Amino acid sequence: MRVSLKKGDALVIVDLQNDFVPGGKLAVPQGDHVIRPVNNAIRIFRGGRLPIFLTRDWHPVNHSSFEDQGGPWPPHCVQDTQGAAFASGLAVPEDAIIITKGVRTEPDEYSGFQGTDADGNSLDERLKQLNVTRIFIGGLATDYCVLNTVLDGLMRGYETYVLTDAIRAVNVKPDDGEKAMERMVQHGAEPTTTESLGV
Ligand code: VGL
Ligand code: ZN
């Protein structure tokens with residue numbers, strides 16, 4: 001089914017950073033496969049002069065989610081390292097709004113709605129300033145930051161679309177990604193693909 005983009009729509013790309021793609025510290029299997037569809041979505045949103053948000057995981061070296069601090073993950077996305085930079089090949093628009101999260105030692109922040117822009121505005125504040133009512137979400141990882149960003153978006157009343165060709169799961173348990181997708185849909189998310197988008 002085609003989705004016609006219009007004023008009030010925004011693209012939100014979650015944590016598409018070097019450490020989450022193969023070769024990175026916390027590589028999501030096939031995480032690099034989302035770069036092409038995400039770039040496709042970026043091109044379409046740019047064509048429609050619609051806002052583009054990029055969230056990033058941006059941890060201090062002693063973040064509470066790291067194994068050496070008793071957390072579940074190997075150290076990843078440490079502030080100002082190459083691993084925390086946006087994935088090579090991602091077509092980051094100059095005017096993209098960067099939302100940074102996980103900056104404090106704790107707690108863990110899986111949702112883009114817990115992050116802020118360079119001026120300290122939250123994602124929700126920025127979306128409201130731009131009169132956004134529908135958000136289109138892609139990025140990494142399906143079973144963590146994408147899941148939590150989508151659920152928060154729905155809870156805050158945004159019509160929320162999941163770009164299924166532009167997400168991949170960590171799958172600590174093999175069906176985590178599938179279960180995350182089911183949860184998002186149960187809460188009202190609408191699955192679509194970058195190929196279905198047009199302005
Ligand atoms: C993420 C694990 C730890 C994510 C971030 O972006 O999905 N996952 N930190
Ligand atoms: Zn993290």
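This is a predicted model: local features need pLDDT of at least 70, side-chain atom pairs count only at pLDDT 80 or more; totals for chains, interfaces and linings use all residues.
1. A nitrogen atom of ligand 1 lies 3.1 Å from a polar side-chain atom of His-76. An oxygen atom of ligand 1 is 3.0 Å from a polar backbone atom of Ala-141. For Leu-140, a backbone N or O atom lies 3.5 Å from an oxygen atom of the ligand; the cut-off for a polar contact is 3.5 Å. As for burial, ligand 1 on its own exposes 260 Å², and the protein buries 99% of that area.

2. **Cis peptide at the site.** Which peptide bond is cis, with omega near -10°? The bond from Leu-140 to Ala-141. Most peptide bonds are trans. Leu-140 ends strand S5, which covers residues 134–140. Ala-141 is in the loop between S5 and helix H3 (142–155). The backbone of Ala-141 supplies the polar atom 3.0 Å from a ligand oxygen. Check this bond by eye alongside the ligand pose.

3. **Salt bridges.** How many salt bridges does the structure hold? There are 8. In one of them, the side chains of Asp-9 and Arg-134 meet, with an N to O distance of 2.7 Å. This pair links distant parts of the chain: Asp-9 belongs to strand S2 (residues 9–14), Arg-134 to strand S5 (residues 134–140), and 125 residues separate them. Side chains of opposite charge can pair when their charged atoms come close.

4. **Positive phi.** Asp-80 is not a glycine, yet has a positive phi of about 65°. Most residues other than glycine have a negative phi. Where does Asp-80 lie? In the loop between strand S3 (52–57) and strand S4 (97–101).

How values were computed. Residues are numbered from 1 along each chain as its sequence is written. Chains are lettered from A and ligands numbered from 1 in the order in which they are written. Side-chain values use heavy atoms; hydrogens and water are left out. A polar contact is a pair of N or O atoms within 3.5 Å; within protein, one must be able to donate a hydrogen and the other to accept it, and residues adjacent in sequence count only if both atoms are side-chain atoms. Accessible areas come from the Shrake-Rupley method with a 1.4 Å probe; for residues, only the protein chains shown count as cover. A salt bridge is a side-chain nitrogen of Lys or Arg within 4 Å of a carboxyl oxygen of Asp or Glu. Helices (H or I, at least four residues) and strands (E, at least two) are DSSP runs, numbered from the N terminus.
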